[in-house]
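Subject: Structure for your review

Dear colleague,

Please find below the structure that I am handing over to you. I would be grateful if you could read the notes that follow with the structure open beside them.

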Amino acid sequence: MGRGDGSGRMVSPADADDTGAGILHVDMDAFYAAVEVLDDPSLAGKAIIVGAPEGRSVVSSASYEARRYGVRSAMPVSQALRLCPTAIVVRPHFDRYVEMSRQVMEIFHEITPLVEPLSIDEAFLDVRGARRLWGPPGTIARMLRARVKERTGLTCSIGAAATKHVAKMASTLSKPDGLLIIPEHRTMEFLVPRSVRALWGVGPKSAEALESRGIRTIGDVVATPRPVLERALGASMGARVWHLARGEDVREVEVERVEKSIGHEETFEDDVDDDAVLGAELRRLADRVGARLRAHGAEAATVSIKVRFADFRTLTRSVTLTEPTAVGQRIGDAARTLFGTLDRPMPIRLIGVRAENLRPAAASALLWDDDAEWRRVEEAMDDASSRFGRGVVTRAALLGGPRAGSSLPSHPRPPRTDADGA
């Protein structure tokens, strides 16, 4: 995979074979930075960092000129400026980004109704049923890129493949402003030489676990017995990697939505700056969000947090999950990770957790389910709450309030029960 700065870029020729490549992953190029350049052309061709220049703020986005110096999203702005001292720091304008995202998504829907937004600047499109109207996938992808450029002035990169996973890999490799088509019959040829780090959901720790065993490429994964992968990564993750390495991804493009979002927030009587209290509150709010998602038969693809400081300044941050979920544990993990990236110059008066990009729950369609154990625990809590009232059953770490449980460990997996064969 490329490093996110355009190095190693791969694109398809005009006459590329697009047989079976009916799933498109469209990703806007350095979206926030590109919108800033659109609104201020004097920034074109310059190293741009989108973020607040003061304090310990983080990079929201960076132009490709800045990325070539190693600047990355979520990196502290101070660190980014050390890497690229000539960069121009531009304050973010989120209302403007939302406006441009809406225009882009409208263009997507002109091509096909089968659009699954992943975040403000990327989406999957299923164009298999649009062939009679617009032509083969390659033609549709080129038309789509031209429309986005003509209507918005922005560029996008597109990966076209037989599955969502491979399409997303292809769009990453084609950035910026490229198109990479992987015909279905050449899927394995495309996958085999790629790094294990290119597999969707394989983070640094999982990659290190594989690489320490000499498993460095997707081809190495294919050659590794499934039990070995499961011992290295755990049963669920090992199964996922085993399937993805073979180009197997049963997930369809999901277009149905229930509520736009589900969230809870808490305003403190006194401003709080205790990390343990704030972390426990995020966990409590995430559990409530997860319970409401399950009650609605929904899952969230995106988790966001809201933080209001003592001076009423308010920040929001969001992240797109590897897989949609309705499990409070997973939502809480994402919320706490986002919270850890924030610059916090003063105590906090309000904190909130929100689940966004909702869709009907469809866990039975997946080849893997990372949340299976926690799902059983939380469904048991749902049942107890419905019978005896909300709050009768809760996490031990939350008993007596956030401060009382602040010293208790946060378990990455639930304890095994007799039903699990303990």
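A residue is called buried when its relative accessible area is under 20%, exposed when that area is over 50%, and partly exposed in between. Please keep in mind that this is a predicted model.

**Salt bridges**

The structure contains 23 salt bridges. One of them joins the side chains of R96 and E99, with 3.2 Å from N to O. These two residues are three apart in helix α4 (residues 94-111), and therefore about one helical turn separates them. R96 has a relative accessibility of 22%, so it counts as partly exposed; E99, at 35%, is partly exposed as well.

R284 also forms a salt bridge, in this case with E266, and their closest N and O atoms are 3.3 Å apart. Because R284 belongs to helix α13 (residues 275-295) and E266 to strand β9 (residues 261-272), the pair ties together parts that lie 18 residues apart in sequence.

**Helices α11 and α12**

How are two packed helices described? One gives the angle between their axes and the distance between the axes. The axes of α11 (residues 226-233) and α12 (residues 235-245) come within 7 Å and cross at roughly 135 degrees; the two helices are therefore oblique to each other. Their crossing is right-handed. The residues of this contact comprise seven nonpolar, two polar and two charged. Within α11, R226 and E230 meet through their side chains in a salt bridge (2.9 Å, N to O).

Yours sincerely

Note on methods
Residues numbered from 1 in each chain as written. Predicted model: local features only at pLDDT ≥ 70, side-chain atom pairs only at ≥ 80, totals over all residues. Heavy atoms only, no water. Axes fitted to C-alpha atoms, helices over the stretch in contact; angles between N-to-C directions. Helix = DSSP H or I, 4+ residues; strand = E, 2+ residues; numbered from the N terminus. Parallel < 35°, antiparallel > 145°, perpendicular 65-115°, else oblique. Left-handed = near helix turned anticlockwise from the far one by under 90°. Nonpolar A, V, L, I, M, F, W, Y, C, P; charged D, E, K, R; others polar. Salt bridge = Lys/Arg side-chain N within 4 Å of Asp/Glu carboxyl O. Buried < 20%, exposed > 50% of the residue type's maximum accessible area, 1.4 Å probe, protein only.
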